[in-house]
Amino acid sequence: MGRSRSDTHTTFMDSSSRRPSLWAGSLRRDHIRLDDLAAEGIPEDRQHTASKSGPSSGSRPSFAWPFHGRNTSEAPSTRSSRFTLRTWQPRTFFRAHDDNISIDRSIVPDYVVNFIRGETPETLARKKEQKKWGQHDIEITPRRDTFASHPIQFGHYYSSSTNLTQDLNTQSSWSRQSGLRRHITGWRGGVIFNSLVSFLILVVGIICLILVIAKAKLLSGESSIFSGDCLKANHINIGIHVGINIFGVALLSGANYVFQVLSSPTRREVAVAHGNRRWLDIGIPSIRNFSHISGFRTTVAVIVLLSAVATQVIYNAVIFTSQNAINYDVLFVTRSFIEHTPFSNDPRTNEGGLSDFDITNLQDAASGFANLTSTTCFQDFSGVFQYSFDSVLLVTDSTSTTSSLIQTARPGTSLSTFTSNNVDIKAQDASLVQYCLARPSGPQTCSVNLSGSILGFAVLLNLATVISMAIILARSSFNPLVTIGDSIRSFLRHPDPTTVNACLLTKSDVQQGAWAASESQYFVPADHYWFQTPSLPRWALTAFALLALVGPTAAALGIMIRANPDNPLTPFGIATPHMTYPLPSPTGTAQMALLAALPQLLLAILYFVANAHLTTYFLTHEFSLFALGSQPLRVSSNPAGEQTTSLFLTLPRPVSWTLLAWFAGMGFTLSQAVFPGVVTLIPSPSTGPQHSPSSASDNNANDIIALSFSTQALLTLLALLVILALAILGLGTRRAAAASLASGEAKGNPLALALRGGSCSAVISAKCHNHIPAPQDAAAPRSGERLGDRVGEREREREREMEGELWLRPVAWGVVEEGTGMRPGRCGFSAHGTGCVDAGRNYV
């Protein structure tokens, strides 16, 4: 928001030369003297009356209606003992000059009372109808000449040395929350909900751990939960990982919720920070607030965040699949070998260690083998493993007459070791392979495995997450400013002296050190787009978090497709020979599973960054609505009057759930894009029955433990990341709703422009000065009510108290006092309509 300053007016005079103002008490009823508060504050469960003008009721005269006695001891009072509200009226012929004389209202006709109140039969009928059915179809059109000048006496602000911890969120007598219900609504209800979700995930993990221990009789090592058909095993693996990632993102969402609550400052912490000319974040998750909040909350916030992230990573490493592959035999032969020409089994050329019996069996069965070209043969047998064939005869162009068997290679040797250009396959005698004969293998089997040690560690981390989430509920006195409504309520009740006289303060002003100032300011209207709300560092962080995943995903996808152009798209979560890469040094299964799950760490970071970015969008959007019309304050605890509360903090529930579902999908896709490729090598059947599959499978030395990739999953993940980036950018192009100017033109929004650059407690505080009270006659007695009517009296007390407490009603922000001549106007919150800001008028 553009902003100009004017030196033509000085708002503050020296305090010693200030004259008391008749309107000061009514207009600044919330500027109380905190010395009058009890040292321990007001307990949350204690009922209280509306704050009136002046520092305290004891430091100014008490006034009463002309028909009510001032000495309550003279006549029994039917007023509820909960309230002691009195209102000033001038002395008239209805009231004697002697304060000890009391006139009962019943002797005064109703029409006289109505006449004094300025009522007419039409207005009384309309009010009666509105009381019955409620107001509707009412449109308030603010005008510049609506508000008269109201002299305001500033003073009686709180200081940071006063205990405000409990007073600032005192529950009112008309609060809708009481007892147990108060602790299951607002942010406390949200913490309980997220703690219960985390606890249910913990219970599932404990049950699985018990089953593993009961079956395997040990905690370390792997246990097979299914073994059989590979298609069915793949479906089981996909189903389990879908559930794991839903649980993981639910933990991340709950941790982010609790983190935002814990990192939100209390009013005392805001007061201390503002006293040092430091601003805090309100309404968003904030690491910046750590240096200003208590060390205990900082520690718990870090623990809940790290434990949730680690749980997301480790849970994705618990389940993995393995498949059986044949350790195929490799033989280089001449064309005459197929015609049963004699061969010589020389140990110098028999590296594969095949016996004469094994070679003869292959020679007899060669006529039934599949005939492959040399190119196809190279593609099928140049990978890490092969599960389609168990033996391959490489027929060369050799014309040797001494032996039809040229050489054998070690079982499972890749044909890439026999070529220099990936085209020509050469035997030991330099002869070229012309074609191949391969024997198809039997049906492949797969298994779904669970790591007991990793699951046990994940359960411990889950337990730490639950405890750190629930521990905040034990601090019943903790009342943070979590939502924008919390901060407005607090600053309206106790305005901040550090931001007084700066109703058009912006975040850029605060960053430059220009807080409260004595000169007036001009409003320069300008359109505000949502992308202007997050600061440049936040945009950089969001871009970095996205590129940290988009870059490696795109690079891996390009490398995989280039390495296997004939079959570029490989299925989800299935290890293929050309998409499996063993590490240089031997690695255990558990270590490889954890390594494959590490990219989930980047995804978890992206979730927190994207959530905070979108939260910044909607924080400013919610704040800007107060410049368009009356809105009830949405608070995170102790709603009273017409305030509302919700389980969500700032990010609306539909957006939050959509983000959660989107990241659950990305988490599952990532788990199927990068995964441990575990292959159990089974000797070829031609090597004899002494090497049975069962005995070979027990030999872990024959296992291939590598890192596998799926190009289909990588492509899907890349598309989801790009859509997420476009969604963030697309929301950023949304324009904030424009507020009406005094000229009638709708342009700019002073509240949205003020938070350009992100959340700022000082800006919110500056907007909460200059608010005006209800008219004095708003709480006048209704016609026809008797003094002894308890129901009418309680209703009147309730309305009277709500009129006095501005933050209990729907409020709007705008001009509350028009300037005249060289005197600037004032902007603030009001529950009775506000004027439109004038682009040519200066304000303080």
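Q: What kind of model is it?
A: This is a predicted model, where local features need pLDDT of at least 70, side-chain atom pairs count only at pLDDT 80 or more, and totals for chains, interfaces and linings use all residues. Residues are numbered from 1 along each chain as its sequence is written, and side-chain values use heavy atoms, with hydrogens and water left out.

Q: How many helices and strands does the protein chain have?
A: The protein chain has 21 helices and 18 strands. These are DSSP runs, numbered from the N terminus: H or I of at least four residues for helices, E of at least two for strands.

Q: How much of the chain is buried?
A: Of its 844 residues, 53% count as buried. Buried means under 20% relative accessible area, exposed over 50%, and partly exposed in between (1.4 Å probe, protein chains only).

Q: What about α15, is it mostly covered or open?
A: Helix α15 is mostly covered, with 21 of its 26 residues buried. From first C-alpha to last, α15 (residues 599-624) reaches 38 Å, close to the 38 Å expected at 1.5 Å a residue. The expected span is 1.5 Å times one less than the number of residues.

Q: Change of topic. How do α13 and α18 pack?
A: Their axes are 9 Å apart, at an angle of about 155°. Axes are lines fitted to C-alpha atoms, for helices over the stretch in contact, and angles run from 0 to 180 degrees between N-to-C directions. α13 and α18 are therefore roughly antiparallel; angles under 35 degrees count as roughly parallel, over 145 as roughly antiparallel, 65 to 115 as roughly perpendicular and the rest as oblique.

Q: Which residues make the contact?
A: Among them are W539, L546 and L557 of α13 and L714, L721 and I728 of α18. Contact means heavy atoms within 4.5 Å.

Q: And α5 with α16, what angle there?
A: The axes of α5 (residues 230-263) and α16 (residues 653-673) cross at roughly 135° and come within 8 Å. These two helices are therefore oblique to each other. The residues in contact include I238 and V249 of α5, and F663 and G667 of α16.

Q: Last one. Where is N564?
A: N564 is in the loop between α13 (536-563) and β11 (580-582).

Q: Is N564 buried or exposed there?
A: N564 is buried, because its relative accessible area is 13%. Not counting residues up to four places away in sequence, N564 touches H578 and M579.
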